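Please walk through this chain with the structure open beside the text. The account takes up the annotated segments, then the aromatic rings, then the surface.

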Amino acid sequence: MDILAAKPILNSVIFSLLGIAILLVTYFIIEKLTPENTWKEIVQKNNVAIAIVFGAFIIGISMIISAAIHG
């Protein structure tokens, strides 16, 4: 495989891993800032409202990360 053809694939993998890492870091920051354990609220207590809010949070942060990476 030509080295020029591998560069875009490698860039995609690196930027994908970078985006996922940033998303996880921001999730843990929000998890520490909230008074309740959000994962426990969503999974064990089936709190749909918190699940919707965190779903919107993940989509929003993902869009920001994508825009920052792709310029």
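What share of residues 12-30 is helix, and how far apart are the end C-alpha atoms? Over this stretch the chain is 100% helix and 0% strand, with the end C-alpha atoms 27 Å apart; helices are DSSP runs of H or I with at least four residues, strands runs of E with at least two, numbered from the N terminus. The model is predicted: local features need pLDDT of at least 70, side-chain atom pairs count only at pLDDT 80 or more, and totals for chains, interfaces and linings use all residues. Residues are numbered from 1 along each chain as its sequence is written, and side-chain values use heavy atoms, leaving out hydrogens and water.

An unreviewed UniProt entry lists residues 12-30 and 50-69 as "transmembrane region"; such annotations may be inferred rather than shown by experiment. Residues 50-69 are likewise 100% helix and 0% strand, and their end C-alpha atoms lie 28 Å apart.

There are three aromatic pairs, counting Phe, Tyr and Trp rings (for Trp, the six-membered ring) with centres within 6.5 Å; planes under 30 degrees apart are stacked, over 60 edge-to-face, the rest tilted. Y27 and F54 have ring centres 5.8 Å apart and planes at 75°, so they are edge-to-face. This pair links helix α1 to helix α3 (residues 48-70), across 27 residues. F54 is buried at 9% relative accessible area, where buried means under 20%, exposed over 50% and partly exposed in between, with a 1.4 Å probe and protein chains only. F54 also pairs edge-to-face with F57, with centres 5.8 Å apart and planes at 70°. Ring pairs join Y27, F28, F54 and F57 into a cluster.

On helix α1 (residues 3-33), L18 is partly exposed, with a relative accessible area of 39%.
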